[in-house]
Amino acid sequence: MLSNHVTEDLSAYCNAELPPAQSRLVAEHLIGCNQCRAEFEEIKFGVKLAEQIPQFSAPDSLWLAIESQLEASPVNEKLTLPAHRPSFLRLWLPRFAAVAAVIVFAILLGALWIYTRESRPFWEVARLNGAPLIGSAPMNAKGQLALGEWLETDGSSRAQIEVATIGQVEIDPNTRVRLLETKPTEHRLELARGRMSARIWAPPRLFFVDTPSGVAADLGCAYTLEVDDAGASLLHVTSGWVALQLREIESIVPAGAACATRPGIGPGTPYFEDASDVFKSALTKLDFDSGLTEESRAPLLNQILSESRLRDTLTLWHLMYRMQGSQREQVFERMALLSPPPKEVTRDGCLRLDDKMLHLWKGYLENSWSGDSRLKKVWVDAWTRGVMGMGKR
Ligand SMILES: [Zn+2]
């Protein structure tokens, strides 16, 4: 919720130390709050930087040499000031030199470790079927996808990519992907065409997929993403949350929901895949039919509203931002009927798109969007069918 900033939780969140429910709330808040997001980016960078510092032990021989030198010196020599400067130097110089050697050795090892790691960024790829190409060369059972390289599958080949240490992506047949970026604070893949499934277990917003019509930002999740030859894409989320973005348009898609995007238009409105066909087809037209007027939009919106169940408030909540005037009022009325807003959320506030109020309401609605509890879903659907009398399934 936008009203309560999450700065105190950011460090724990970034280290994946929060319980899943709280982690999701923080992730959600980060999407809507520039202030917390800026802070998160700084913390994330710091955490990732700290992870880069290598840990290793100095060779035993060096420590043994130091110890034996120390033991060879009588205790009183260490405690009393030397009478002559030259003998002080003679005594201590080798010890300083030994310690300095350890430090220099450590720094060199660290630099070498970072250099070799940073100088060849790539992801491991495993062939699952057929003969996937990396660049233009057919790959063996195992391969490496270097920064900037394309991985391409034909009609009978599939591959699996290890996304650094944060997840896995499966590449289906007839798909083209390219590694755009891999660094501690950002891993980015381009999906030019075809279909991929991702499972990511890192803190949210480390893994991104660019498509011709929008960017999918992982919020800790599993999902599939497909892109057709015209550059249109379709996202299905199977667990967690994914944000789809193009410029200032953003759709937040939970498990069980899908969202389409179109080149030049961006993300459409997210919807649950078990919504009625009438609902889904009206939504597609509303989102992507160019040249809709307020008049031609009206019957589509009416269909969506009359078909909507409690959990379809996911769609209606996003439509509040996308509709205007009396059509936004209609969306509000329908949402308020399906799930009355909490006391602090007013009709006026929602109609003027008060972000705090809309996110507060969203916090309540999410209970009905959650796919976490199967029982809850069954109950909600039964309630929707029985009480509202408008469920389609
Ligand atoms: Zn905030």
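At 6% relative accessibility, Phe332 counts as buried, a term for residues under 20% relative accessible area with a 1.4 Å probe, counting protein chains only. This is a predicted model, in which local features need pLDDT of at least 70 and side-chain atom pairs count only at pLDDT 80 or more, whereas totals for chains, interfaces and linings use all residues. Residues are numbered from 1 along each chain as its sequence is written, and side-chain values use heavy atoms, with hydrogens and water left out.

Phe332 belongs to one of the aromatic pairs, of which the structure holds three. Its partner is Trp361, and because the ring centres are 5.6 Å apart and the planes stand at 65 degrees, the pair is edge-to-face (centres within 6.5 Å, planes over 60 degrees apart, the six-membered ring being used for Trp). Since Phe332 lies in helix H10 and Trp361 in helix H12 (residues 355-369), the pair ties together parts that are 29 residues apart in sequence. Trp361, at 0% relative accessibility, also counts as buried.

Helix H10 (residues 325-338) also packs with helix H8 (residues 294-307), at an angle of about 5 degrees and with the axes 11 Å apart. That makes H8 roughly parallel to H10, as angles under 35 degrees count as such.

Across the protein chain, the secondary structure comes to 13 helices and 16 strands (DSSP runs of at least four residues, H or I, and at least two, E, respectively), and buried residues make up 44% of the 393 residues.

Methods. Axes fitted to C-alpha atoms, helices over the stretch in contact; angles between N-to-C directions. Parallel < 35°, antiparallel > 145°, perpendicular 65-115°, else oblique. Buried < 20%, exposed > 50% of the residue type's maximum accessible area, 1.4 Å probe, protein only. Phe/Tyr/Trp six-rings, centres within 6.5 Å; stacked < 30°, edge-to-face > 60°.
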